Amino acid sequence: MKKSSKRPREDDTEGSSGKEHRRSPSSSHKSHKIHKSSSSLSKVREKDSKPALGGLEDKDISGNSNKAITTFEGMGLKPTLLRGIYSYGFEKPSAIQQRAIKPIMQGRDMIAQSQSGTGKTAVFSIGILQSIETNSPTVQALALSPTRELALQTCNVINSIGDYMNVKCISCVGGKTKSKSISSDIKTIEKGVQVVSGTPGRVHDMIKRQHINTKSIKMLVIDEADEMLLKGLKEQLYDIYRYLPVETQVILISATLPKEIIDMGSRFMADPVRVLVKRDELSLDCIRQYHINCEEEQWKYEVLCDLYTQSSNINQTVIFCNTRKKVDWLNNELKKGNFSVTSMHGDMAQDEREKVMDGFRSGGSRVLITTDVWGRGIDVQQVSLVINYDLPTEDQYLHRIGRSGRFGRQGIAINFAASKDDIKTIRAIERHYSITIAPLPANFGSLL
Ligand code: AMP
C-alpha cells in the first residue's frame with residue numbers, strides 16, 4: 001500500500017551540464033585515402049545465437065522485484081489494454097516487462113535501471129494505462145523525457161497502446177510548431193486529457209500557469225533520468241515534483257544509477273521496487289562494431305562517401321557528429337555531392353525537427369545526420385547502421401550505437417578515428433564495455 005512518510009519537499013539547487021567532445025569541422029576533403037586499416041574480421045565478436053527478447057534474459061535482471069510474469073495475459077491487465085498491446089504487435093513481454101509491470105500495477109514506486117531497447121517505454125506506458133480512469137477527463141499521469149523527440153515518441157506509444165481505451169495522451173514540449181502551439185495544448189487539456197508526456201521545462205510552465213491541474217495526478221514517470229541530470233534539468237524536475245500530490249506513485253528510469261539519481265529516488269520515493277539490469281548486460285551484443293582509421297579529420301568525408309556507396313542496400317543509417325556546426329557542414333557537403341541525406345539538431349526549429357523525424361521514421365529519408373540530441377531513446381526500428389563520424393564519450397557510446405539493433409535486432413556500428421587520441425578513445429570504449437571494435441573489413445558491403 002502507499003506510504004505516508006513520503007518525501008519532505010526540499011529545495012535543491014544543484015544542476016549539471018553535459019560534456020561534449022569538440023573538434024572543429026574541416027572544410028577540406030581533397031584526399032582520397034580510404035580506410036587503410038580495413039583488413040581483418042578476425043577479432044570481431046560475432047553473435048552466435050539468436051538474441052533474447054529485448055536482448056536480455058531473466059538472469060540479466062536483478063533487484064527486489066517480484067518474480068517474472070511471462071505473459072501479458074498473466075498480468076491481470078484491463079481487456080482493452082491487453083487488446084491494444086497485441087494490436088501494437090507485442091506478443092510476449094520482454095524481461096524487464098515481465099518484472100516491472102506488475103509492481104507498478106500494485107502502486108509501488110519503482111527505480112528501473114534500463115536503457116532503451118529493452119522495452120522500458122512499454123513498461124511505464126502499460127503501467128500508466130492500467131492505472132488511469134478513462135471516464136475521468138483529468139490529467140492523471142505525467143511522463144517526463146529529456147528531449148522533445150522522446151516525449152513525442154512516448155506520447156505516440158501511449159496513444160497507440162491505449163487505442164481501445166478511450167484515453168488521450170498529449171505531448172507538451174517546448175518550441176512552437178505550425179500545427180501545435182501552447183494555446184492549442186491548453187485547449188486540448190481543457191477538453192479532457194488523462195496523460196501528459198513532455199519535457200520538464202514546458203510541463204513545469206504549464207503547471208505553474210495552472211493549465212495542468214495536478215490534483216488528480218497519481219503517477220509520475222521520469223524517463224532517462226540520468227540524461228535529465230546531464231542536461232541540467234534537475235531543478236525543473238524537483239519543481240514539478242513539488243506540485244504533485246504527496247501520494248503520487250513515482251517511476252524513475254535511468255540507464256545508469258549515479259549518486260544523484262539515488263538521491264532523487266530517496267527523496268521522491270518510498271521503498272521503491274528496484275529492477276536493475278546489470279551493467280554488463282546493457283548489451284551491445286546484437287551490434288557488430290568496427291572502426292576505420294581515417295588518420296586525419298579531412299579524410300573522414302571521403303571515407304564516408306565510400307561507405308555510403310557500399311551501403312546502398314542497408315535499411316537506414318544514423319550518422320553522429322559532436323557539434324551542431326559539424327552536422328550542418330556534413331549535411332551540406334553530402335548534399336553537394338548528390339547524396340540524399342537529412343539532418344537534425346537542437347538549433348533547428350521544432351517544426352523542422354518534427355518534419356525531419358517524420359520523414360526518417362516513415363522511411364522517406366534513409367540517412368540522418370545528427371548530434372547526441374538523437375542519442376537517447378529514439379526508436380526507429382529500421383535503423384541498422386550507426387556511424388560515429390565523431391567519437392562519443394564512453395557513456396554516450398552505448399546510447400548512440402543502441403540506435404541500431406533495437407530490441408535484439410542485428411545492427412552495425414562504425415567508428416571513425418582521425419588521430420592517435422581517437423584510437424585511444426576507441427581502446428577506452430573497448431575496455432569500458434569489454435568489447436572488441438575491430439577494423440572494418442574491406443568487404444563491408446557483403447556484411448550487410
Ligand atoms: P524501448 O526500450 O522502450 O526503447 O523499446 C525498444 C523497442 O522494443 C521498441 O521498438 C518497442 O516497440 C519494442 N518492444 C518493446 N516491448 C516489446 C515486446 N514485448 N515485444 C516486441 N517488441 C517490443
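User: How many residues of strand S10 (residues 316–320) are buried?
Analyst: This is a predicted model: local features need pLDDT of at least 70, side-chain atom pairs count only at pLDDT 80 or more, and totals for chains, interfaces and linings use all residues. Residues are numbered from 1 along each chain as its sequence is written. A residue is buried if 20 or more other C-beta atoms, placed from the backbone, lie within 10 Å of its own, exposed if 12 or fewer, and partly exposed in between. Strand S10 is mostly covered, and its buried residues number four of five.

User: Which residue of S13 is the bridge partner of Gln316?
Analyst: Strands (E, at least two residues) and helices (H or I, at least four) are DSSP runs numbered from the N terminus; two strands pair if DSSP finds at least two bridges between them. S10 and S13 (residues 383–388) run parallel, joined by five bridges. In S13, the partner of Gln316 is Val383.

User: Which residue of S12 is the bridge partner of Ile319?
Analyst: S10 also pairs with strand S12 (residues 367–370), in the parallel sense, over four bridges. In S12, the partner of Ile319 is Ile369.

User: Why is H4 largely enclosed by the rest of the structure?
Analyst: H4 is covered by helix H1 (79–88), helix H3 (120–131) and strand S5 (195–198), among others. Its buried residues include Arg148, Glu149 and Ile161. H4 is largely enclosed because its buried residues number 12 of 14.

User: How far does H4 reach from its first C-alpha to its last?
Analyst: The expected span of a helix is 1.5 Å times one less than its number of residues. H4 has 14 residues, and its reach is close to the expected 20 Å. From first C-alpha to last, H4 reaches 20 Å.

User: How many contacts beyond near neighbours in sequence does the stretch 7–60 have?
Analyst: The chain averages a pLDDT (the predictor's confidence in each residue, from 0 to 100) of 80. Over residues 7–60 the pLDDT is below 50. Where pLDDT is low, the predicted coordinates should not be read in detail. With contact meaning C-beta atoms, placed from the backbone, within 7 Å, the count for this stretch is 115.

Key
Contact = placed C-beta atoms within 7 Å.
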